Number of protein chains: 4
Amino acid sequence: MDETSFKLLAKYLPSTYVQQAKDARNTTNFLFNQLLEKGKWPEEGWSERNIEILLDELASLDSNNFLKNHGVGEREARIASSLVAKRNFHLGHGLGRSGDLTEVQPKAAGSSVLYQLTNDLARDVLRTMGVPDVKACFVAPLATGMSLTLIFLCLRQQQPKARYIIWSRIDQKSCFKSITTAGFEPIIVEPILNGDELVTDTGKIEAIMKQMNPELIACVMTTTSCFAPRACDDVETVAVFCKIYRVAHVINNAYGVQSTKCMHVIQQASKKGRVDAFVQSTDKNFMVPVGGTIIAGFDKSFVNKISQCYPGRASSSPIVDLFITLLSLGSKEYKTLARERKHLFQLLKEGLAIIASRFGQRVLDTPGNSISIGISLPPVKDPKLLTQLGSQLFLRCVSGTRVVSNLEIKVINGHEFRSWGAHHSNYPTGYLTAAATIGMTAVDVEQFLKRLTKVMESWSTKTIPMVLPSLTNGHDGFTHLLTSDHLVDQESSVI
Amino acid sequence: MDETSFKLLAKYLPSTYVQQAKDARNTTNFLFNQLLEKGKWPEEGWSERNIEILLDELASLDSNNFLKNHGVGEREARIASSLVAKRNFHLGHGLGRSGDLTEVQPKAAGSSVLYQLTNDLARDVLRTMGVPDVKACFVAPLATGMSLTLIFLCLRQQQPKARYIIWSRIDQKSCFKSITTAGFEPIIVEPILNGDELVTDTGKIEAIMKQMNPELIACVMTTTSCFAPRACDDVETVAVFCKIYRVAHVINNAYGVQSTKCMHVIQQASKKGRVDAFVQSTDKNFMVPVGGTIIAGFDKSFVNKISQCYPGRASSSPIVDLFITLLSLGSKEYKTLARERKHLFQLLKEGLAIIASRFGQRVLDTPGNSISIGISLPPVKDPKLLTQLGSQLFLRCVSGTRVVSNLEIKVINGHEFRSWGAHHSNYPTGYLTAAATIGMTAVDVEQFLKRLTKVMESWSTKTIPMVLPSLTNGHDGFTHLLTSDHLVDQESSVI
Amino acid sequence: MDETSFKLLAKYLPSTYVQQAKDARNTTNFLFNQLLEKGKWPEEGWSERNIEILLDELASLDSNNFLKNHGVGEREARIASSLVAKRNFHLGHGLGRSGDLTEVQPKAAGSSVLYQLTNDLARDVLRTMGVPDVKACFVAPLATGMSLTLIFLCLRQQQPKARYIIWSRIDQKSCFKSITTAGFEPIIVEPILNGDELVTDTGKIEAIMKQMNPELIACVMTTTSCFAPRACDDVETVAVFCKIYRVAHVINNAYGVQSTKCMHVIQQASKKGRVDAFVQSTDKNFMVPVGGTIIAGFDKSFVNKISQCYPGRASSSPIVDLFITLLSLGSKEYKTLARERKHLFQLLKEGLAIIASRFGQRVLDTPGNSISIGISLPPVKDPKLLTQLGSQLFLRCVSGTRVVSNLEIKVINGHEFRSWGAHHSNYPTGYLTAAATIGMTAVDVEQFLKRLTKVMESWSTKTIPMVLPSLTNGHDGFTHLLTSDHLVDQESSVI
Amino acid sequence: MDETSFKLLAKYLPSTYVQQAKDARNTTNFLFNQLLEKGKWPEEGWSERNIEILLDELASLDSNNFLKNHGVGEREARIASSLVAKRNFHLGHGLGRSGDLTEVQPKAAGSSVLYQLTNDLARDVLRTMGVPDVKACFVAPLATGMSLTLIFLCLRQQQPKARYIIWSRIDQKSCFKSITTAGFEPIIVEPILNGDELVTDTGKIEAIMKQMNPELIACVMTTTSCFAPRACDDVETVAVFCKIYRVAHVINNAYGVQSTKCMHVIQQASKKGRVDAFVQSTDKNFMVPVGGTIIAGFDKSFVNKISQCYPGRASSSPIVDLFITLLSLGSKEYKTLARERKHLFQLLKEGLAIIASRFGQRVLDTPGNSISIGISLPPVKDPKLLTQLGSQLFLRCVSGTRVVSNLEIKVINGHEFRSWGAHHSNYPTGYLTAAATIGMTAVDVEQFLKRLTKVMESWSTKTIPMVLPSLTNGHDGFTHLLTSDHLVDQESSVI
């Protein structure tokens, strides 16, 4: 509706109502205009209604939604199914042009604005959450592995002779494959065992850089967020070496946005040393479906080069999901969830300590990991018994635990990994991990601990017959951890 | 609802109604089961309601939708915004595992089935539309350019020494960049001018293969669907050479599924020669938003290798869009739309011939292009005048025309292209193209021709003052082309 | 978005794109403004997208959607469930105020406009479909029976002494109950048997009016659309008598909007005689869910009185459904559907004639009924056998047939009806009816005829063993009726 | 999906995943079956996803959603617009049959079950919220006024000679009109002024009953929830008189479900005396859009008679809204909201007391009203000044306050009311009311108090120049009332 519409409304309504309706509309428009002007993450979350209205408004700027448009090109964003049209808010043109993922599309002005806005919001999110010095970023419609590959392909264009990537081992196949798919050879630097914890072998990394022709090294890849007992990599030290030896440095900050610790080390690394790009998953940090990352850096021109490397268009769906979610939560709610996560991490740790001690085990001491926790498992004769423990938990509807034996050997793209899954060839014990991530609720923790206890009870009798000490503090020993009203209430805030 | 539910319904309903409701339900289940069993593209389209119910059913198999599930992993497909949850049908886990895009995800059985079903449907679509011998395919959550890059990266793993890709020039930047981003050097083979038409320089392609060490050549890339006056590449001959010289052959069949001609040449090429993979855009062929391709081939293991090359997970959104659309249209409706397109291509050609002749120009004779049509434009002093013609059409809400002068020079990734946009360094004339693609309606053609006439009238007076012959057949000369009732009705079938 | 928004967009977009987006937006606004200004049923249907945008715009005018609104009343249209909020487009205040259903609500300017617009559209629909002289109408959020009761209650207020309603018998319980629930006594005038057809006993109606004190008669109620073999009432003659004897006249035009015949007789009746109000179901005429009627009349003040009679507020849901549907279809599509219905009525009649003759029966000759058709059934010993025929059809997924024996007696509110269901105490034969109503497709007719044949075959062997003549024109004898392409295409136009 | 589907899934999935998916599905089915079996209001709210799935399942039982159904009746629930179909979950047949609103519809088994389930839930809600002895109820698709009319029309059928309804005056037009529209004459019993409060004149009510022929009295109508300074009627005493004098008793419990007090007096009244029916608005008590009530009683057969009085079918939309909302909230959340409301009532009262005293006014002492609060206003020369106060609040986006002067005279249906709006002919002062109702948040209270202060400041200078005492407790004096974290959190629970 426009000015004329409001005039026409006077046919139906007393003029005071028309005026008030206009005022109300202006309030909403003000909200939109603030966003367009500032490109900042709003503190207060928006209602879904207002988000939908803005998306409709933006979609109206795309030519396929022009009332009188007639397309005679090969791609006119016609959408055959109304179900598909609606779930995409009638946005059909995707992102980018052949030249650059972030370039404006003439046929899709609205989609282009939406993408730029989301990138602006994402940058503000990174700044707000602990990396104030970030210069540029874009939301890539690719999950973490493929995003890393894209960065590596971009590095290759800059450094055509490069053949290697120095990689602080982390046992996630997609990290490893991101290197090989990009056509590079990984130089694997296994972490050092420090007590229970696996920490970055910065010495070895430096040694390699020193020794090799830097032109042959595309970059060092480090990782912040990871499964215990591996710690967040010592990215600061690595960054310093990268600066000294003029080697690029790419950080996989997969689910690190939710952790002030992970964000802080990136910020510090950028100050002291060299960080070319750092990547964060949108699904793991912002509770959207899998499919996007924020690729960020401290040098605008390098970040632009990455987006320019992307050949052609891409799905805007991961961007739409992130845009909606960031507006819907607002920074206030997100920070509350992040604080809540931190609190639940403690609860989880305490609960696991109780269980572990009951079965003669212990929580692994991994102060460098602020998200994932491991408890040791007794040695078993048959490694299948360990697998069974995980299966039993999954059958009891506990998802996400990892049970790692210290025995498995795996060959990936010709590289043999001893104790695959443990980030280390020789970790001294089997263990089980669980993580406290954003969106988790106290009920999740409580139920997990209860079910784990039950499963451990039945499992331990099969594996290591023993007399269990009785619990002194009531039925299960965990509910007392979770009495805070606030915690329980919080649960309903995530669907 | 289950058997127990139906028993309980007897509390509310006479037993005959319960029985009839069960029967009706069985009919719907039969529909689902047929799909699960056969994996075939249904002839009759499904109602949106049934599609939604099936998607809901599949989503129910994902652990994040289990009523009692509690997740303690780092990625549990929690979805913060209910708007996001709904638009994704509560599917949060995306596609694939670290190992392989098409691998089953333990936490996401429903998503995994959905993906496999969509791949089965896609294969049936390719077979139905003209490539009966296709062996395997998967829907990649990447648009055409990045999909080509992925294939090239896979070829590199198989042939680590390869450095070059022989490329039958087509002036779409993303095609070119798909090569350079993958880290290869393009060997550009410009098409030959044959009358008005640009056809594949198969002689030169063979010469290169003959001359070079095949280990250095990753593949030849040809293109079927393209803008006139370039013709569909002679993929059959190229395929024969590729077989002889043991060079891989990748076909960009971007929007060729809608054209029986494009599909036929691929089928023939696979019979006579070598085709390693062919790629088709989902948006351009199936009227879904940008973001997916079908990557297909005649050797199952090579197609699998491509999907295994993909590092990590990916957005399932392009798959969901395609799944919905294929079920919604059914093969019957799709074939009708494809026939309709062919018919509109003729109408468009006739209409353009009338306009061209009125302005002393002609339709370019390009029998090898079944989708796009060009009309010559008079020589102008200032190439900006040609750009203006395109802008004026766009301002009149005609999208998709291309106006190509024969003068532009462009440098991309260090390669200089003369007459960029024309697929040829020396095309003898400027021209304007328009295309008849699937989903187009008779009204689109009619409005385009009317508006083009108006724009040409005003434009030609500015550029080449001339006396226009008057039209003899009525007001605009095009409506008579479009009198078929059927055509006009068809319009409403696409949203 | 407003002017400021477009200025801000220049930050993201080249100014030409901003301008074009504004132009496109103006086109949409023009569409809205035309509707607001004219209040006319658009000829071309609107896209769902534009309908949704307009509904969102209107909802924005309701105070519960004001961004800064805080309510301290007892009814503030808070909506607890977002699912409910969305399905109601965030419209919460319903219709009307205590004083009048059509009064503007201060807290709900948008809902008020929506209601007035719908009423304007409804009036235009009635005018377009054959009653050009209609003066006023409103969409009542009540189905037919309750709407009639509301009119009768209004008549009581005008004529406090009235105790009777003269009712041309039609055997639909809700019609009868609409009288008794309003507290009136029905004077039942049974139709006269004229050949096969039941026609209005206008003589008796006049006799009653003549004889009674008109102050005691609230009105005469006639019915247009009805089940065969009852004909549309002779509303013209009744209207003339009503004028002469100063008795109000209320017409139940339940599903008559789709029939030019029914609409025409109302128009004629209003010219020649007296029609106080006529009521049409929204679900039966416009394919929306049950729940609304259009209450119309030729005297604005009387129609207003009816709406003022309604005590308090009401659900706006039936209004929203009608508003969407009228805009979505447009008059062009609706008229096409109405023509289609007429055509299918003929096909249905021809098909039934074939079946009837095969079983020694005949189509009842009821020229005064343009929607419903009956075929005679053979006499059976046990009336349950007739019921079985209907059940068997229903079990074969044919809904909507009626099988009427000539034997049933029913007592409703103390009134005994012989042969209830037959509209007549003594109809000479049992029969089966089927109707051709708007939205029906040729496939519906074809499938019905096929299934009826099968059911009749098995049923007739049980009831009246006979030798069936073989069919001469192929397998089932009906498909040939349905060969028109147009017909088959039409099917897809209704969901 | 059915057993066969799960077998077929084994083609795509390892059997353990199939089993787990089946288990998960069974958990959901168990949830549904519990509801079908018990018909109880679940304690824990359901996810929107599960509610939607159940609604889809129920809709599948309606014949219009049968895959093979072909309708040849006059009402086949075809839905023309897919937008309309979706917002109604493909439910098209509405409620009821001609005989009875609660009767099962053969064509719409699912709709019928849905309605019965909702009625069962509603009964459980009333029992849970304070009227354990309620015997029967149904959700009427009518707002309060029309629901009362329906009850009165039913009473007329039982007592044909009745002409009057004794009405304890409450100044809501729809209450009054519910009597006159039903064709009755109100006998208005004005409440007695007791201090500031208006209480039921039970003496006069008894006197009328004593004096009149009870056959002439249809019923007494009392009201629980109302605007201050009127108190909840003394329904217990009235009930006792009704029992003694054999007069029916209908209670308007409009928004009383949210108040334990209102519910308690109804329960008590039913024990000590006579209550024939009590009516509660669904929108005011359950935060759904306007359009429904729960009509309840302590005698099943009388409640049935009311539903049987309803002539014909009705919209199921208000039922769907209530069904969704009750499942979505669950009793736990609803009770929390109700407690919250009680708490906010106190805060509101304290805040108003502060404001009132600042302007030399007072909170009216109305212990018998647990929802609405009034503050006195100074005498003004021109009653328009009072109206201005309300308008100014509305313009500042405060909705729901009422400003009542003691001067207005209104004639409704021939009855003259002095001081209309004040429930009393002679209330000694003008006043302003505000209410604390369910769904309100602490922010609503805070913002209202702040804005009221501002408006009063400017208004009082115009009307009664005076020196305002300064505030001692900070900026506005209200924020301190609202420090509870819990309160602020609660805000987000209502959309």
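Let's start with one pair of side chains: Arg362(A) and Asp196(A) meet in a salt bridge, with 2.5 Å from N to O. This is a predicted model, and the rule finds 1 salt bridge across the interface of domain 1 of chain A and domain 2 of chain A. Here is a friendly tour of that interface.

**The two domains**

**Extent of the interface**
- On the domain 1 side of chain A, 38 residues are in contact with 42 residues of domain 2 of chain A.
- About 3,400 Å² is buried between these two domains of chain A, and carbon and sulfur atoms give 62% of that area.
- Asp171(A), Asp196(A) and Gln258(A) supply 19% of the area that domain 1 of chain A buries against domain 2 of chain A, more than any other three residues.

**Polar contacts and what lines the domain 1 side**
- Between domain 1 of chain A and domain 2 of chain A, 22 residue pairs are in polar contact, counting pairs with both residues at pLDDT 80 or more.
- Several elements of chain A each supply at least two residues of the domain 1 side that touches domain 2: helix 7 (173-181), strand 4 (185-189), strand 6 (197-199), helix 10 (260-272) and helix 11 (282-286).
- By class, that side of domain 1 of chain A has 20 nonpolar, 8 polar and 10 charged residues.

Conventions: Residues numbered from 1 in each chain as written. Chains lettered and ligands numbered in written order. Predicted model: local features only at pLDDT ≥ 70, side-chain atom pairs only at ≥ 80, totals over all residues. Heavy atoms only, no water. Contact = heavy atoms within 4.5 Å. Buried area = accessible area lost by both parts, 1.4 Å probe. Salt bridge = Lys/Arg side-chain N within 4 Å of Asp/Glu carboxyl O. Polar contact = N/O pair within 3.5 Å; in protein donor to acceptor, adjacent residues only side chain to side chain. Helix = DSSP H or I, 4+ residues; strand = E, 2+ residues; numbered from the N terminus. Nonpolar A, V, L, I, M, F, W, Y, C, P; charged D, E, K, R; others polar.
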